[in-house]
Every structure is written in C-alpha cells, then in structure tokens.
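Q: Hi! Could you walk me through the side-chain links in this one?

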Amino acid sequence: MGGSEAVKGAWPWQVSLQVYYQHVCGGSIISPYWILTRSTAFVFHDRLSDPELWTVAYGDVHLSNLPTRRSAKRIVRHKKFDPKTNDFDIALLKLSKPIIFKRKPLCLPNVGLQIHSSNGSWITGWGQLYSSGELIEHIQLFLTFHAICNHPYVLNGRVTETMFCAGNLRGGVDTCQGDSGGPLVVNSGNVWWLIGVTSWGYGCGLRTKPGLYGNISFFMEWIQKQITMVLSGSGGLQCLMGFLACLALDLTPSIFFINSDQIPFPFERK
C-alpha cells in the first residue's frame with residue numbers, strides 16, 4: 001500500500017505463486033529452476049505442502065495476463081521456521097522445467113553483506129489493500145535500525161537476526177496481503193540485489209509498525225546448501241552459476257555489515 005503501479009517490463013524476477021490459478025503469494029526468480037519465497041504459505045494446511053498443487057506464473061505486471069507458467073517439483077522449507085514468531089521464514093521452490101530468463105539476474109548477497117541504504121530499497125507485489133491487485137505495485141522503503149524496530153512502542157523485541165524491518169514509522173507505506181514472499185531489492189552499481197523477502201507485520205501501513213522481511217544475507221549458507229542437496233540435472237548447477245555470474249560482475253556494495261544495528265534510521269520517503 002502507498003505505492004504506484006509498475007510499467008510493463010519492470011521487476012522481471014517477480015512471480016506469482018498460485019494454487020488452482022489463484023494468487024497466493026509472491027516470489028523471486030533466483031535461477032532458471034529456483035524460486036525464493038517465504039515458508040508461511042506452505043504450512044497453513046497440510047495439502048499446501050504438496051508441490052503438485054503449486055504453479056509459478058510470471059512474465060507481466062498484470063496478474064491476469066501472466067503469459068508463462070511452471071509447475072513446482074519440490075518445496076524446501078527451513079526446518080527452524082516458527083509460525084508463531086515467523087522466525088526463519090524462508091523457502092525455496094524447485095521448478096519442473098527451467099525459466100527462460102534473458103534479463104540481468106537478480107543477485108544474491110554474500111554472507112554478511114549489505115547494500116548502502118541511502119538509495120533506498122524497493123518492494124513489489126500484487127497485494128490488494130487499496131488497489132485491485134491486478135497490477136504490480138512498487139514502493140520505495142528505507143531500512144530501519146534494529147534497535148528502533150525492537151523498541152517497546154514499535155515491535156517490542158520481535159525482530160530477530162533472521163529478519164529486518166523497513167518502512168515509514170509514520171505509517172501509510174507498506175506491503176500487505178498478497179505481497180508476502182515477494183522481493184525486497186536494492187540497486188547498486190546498476191545491479192539489482194535481493195536482500196529481503198516479504199514476511200510479516202502488524203496490519204498494513206500502521207504507524208510505528210514497519211513491515212518485516214527475511215534477511216537474505218543471514219540465509220545465504222542455507223540457500224546454497226539446499227540447492228546443492230537437491231541438485232538434479234542442471235537445476236542446482238545453474239543456480240550456483242547464476243550466483244557466480246553476479247560475483248563476476250565485480251561490483252562491490254558500499255557497506256559491509258555484521259548485524260542489523262548498523263542499518264540507518266529511515267529517511268523521509270520522497
């Protein structure tokens with residue numbers, strides 16, 4: 001909510017995860033065979049853990065006009081995911097057939113790496129609050145100090161090392177229902193980096209209640225391990241090659257960080 005509609009061709013890595021052709025949540029293309037999303041979508045009902053129920057649709061900003069679909073072959077959820085706290089809220093989908101992706105890849109960060117936040121980050125999705133949910137909306141957000149997020153009057157200690165918060169503490173700008181699982185990205189050196197996955201929040205756009213995002217930097221070792229463990233055909237290899245291709249761009253992000261306390265206070269949204 002509080003964003004603007006995306007133009008055709010924008011955010012090409014954004015996908016819709018669907019059950020019976022109905023949008024459930026978002027996800028990000030990280031390789032021809034792999035989609036990164038959140039765990040929550042697969043735990044509300046036992047049947048939702050069955051990959052045969054899920055399809056991935058992509059290729060347009062219009063939800064009803066997504067031209068290409070892929071069926072899911074495997075769902076990999078983090079074993080430490082806690083549905084009560086949303087800790088370790090991350091998952092991977094392996095596709096039955098590869099996605100043909102001709103654009104620049106959406107790059108994954110190194111472990112312990114963070115992009116300079118002064119440029120802001122972007123969230124995208126087909127969330128439906130105050131919009132039809134038909135077009136992808138994009139919103140620029142700024143990351144928030146970990147200590148501020150955990151203040152008793154903000155999120156009261158619920159932000160763990162597996163997540164970070166972003167948004168405007170004055171409210172009105174946020175992800176909402178239908179956006180979960182989608183990407184939070186930042187551009188550095190003309191390269192888009194996937195640094196967060198939309199996870200949870202208190203309502204949508206409420207004052208002093210910024211949204212919570214899975215910390216991809218924290219999960220990088222887990223992501224690489226899962227892809228290697230379920231290596232089948234060229235799927236896992238292509239993902240690792242895609243990751244190496246990002247590193248080969250030799251574009252050094254502006255800030256390296258150890259923990260979320262180094263993330264600056266949010267600037268005013270322009």
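Q: Let's start with Asp87: which side chain of opposite charge is nearest, and how far away is it?
A: Lys80 is the nearest side chain of opposite charge, at 8.7 Å. Asp87 is buried yet has no salt bridge. Buried means under 20% relative accessible area, exposed over 50% and partly exposed in between, with a 1.4 Å probe and protein chains only. A salt bridge needs a side-chain nitrogen of Lys or Arg within 4 Å of a carboxyl oxygen of Asp or Glu. For charge, Lys and Arg count as positive and Asp and Glu as negative, while His and the chain ends are not counted.

Q: Good. What should I know about the model itself?
A: This is a predicted model, where local features need pLDDT of at least 70, side-chain atom pairs count only at pLDDT 80 or more, and totals for chains, interfaces and linings use all residues. Residues are numbered from 1 along each chain as its sequence is written, and side-chain values use heavy atoms, with hydrogens and water left out.

Q: Back to Asp87, then. Where does it lie, and which side chain does its own side chain make a polar contact with?
A: Asp87 lies in the loop between β6 (68-77) and β7 (91-95). Helices (H or I, at least four residues) and strands (E, at least two) are DSSP runs, numbered from the N terminus. The Asp87 side chain makes a polar contact with the side chain of Thr160, at 2.5 Å. A polar contact is a pair of N or O atoms within 3.5 Å; within protein, one must be able to donate a hydrogen and the other to accept it, and residues adjacent in sequence count only if both atoms are side-chain atoms.

Q: How many salt bridges are there by this rule?
A: The count comes to two. Asp89 forms a salt bridge with Arg38, their closest N and O atoms being 2.7 Å apart. Asp89 sits in the loop between β6 and β7 and Arg38 in the loop between β4 (34-37) and β5, so this pair ties together parts that are 51 residues apart in sequence.

Q: Are those two buried or exposed?
A: Asp89 is buried, with a relative accessible area of 3%, and Arg38 counts as buried at 8%.

Q: And what does Lys8 pair with?
A: Lys8 forms a salt bridge with Asp60, the closest N and O atoms being 2.8 Å apart. Lys8 is exposed at 66% relative accessible area, whereas Asp60 is buried at 12%.

Q: Switching topic: how many disulfides does the structure hold?
A: One. It joins Cys149 to Cys165, with an S to S distance of 1.6 Å; the cut-off for a disulfide is cysteine sulfur atoms within 2.5 Å. The link of Cys149 and Cys165 is left-handed, with -55° about the S-S bond.

Q: Which elements do those cysteines lie in?
A: Cys149 lies in helix α1 (residues 146-149) and Cys165 in strand β11 (residues 163-166), so the pair ties together parts 16 residues apart in sequence. Cys149 counts as buried at 1% relative accessibility, and Cys165 does at 0%.

Q: Last topic, rings. How many aromatic pairs are there?
A: The structure holds nine. Rings of Phe, Tyr and Trp (its six-membered ring) pair if their centres lie within 6.5 Å; planes under 30 degrees apart count as stacked, over 60 as edge-to-face and the rest as tilted. The rings of Trp13 and Trp192 have centres 6.0 Å apart and planes at 50°, so that pair is tilted.

Q: Which residues do ring pairs link into a cluster?
A: Trp11, Trp13, Trp122 and Trp192.
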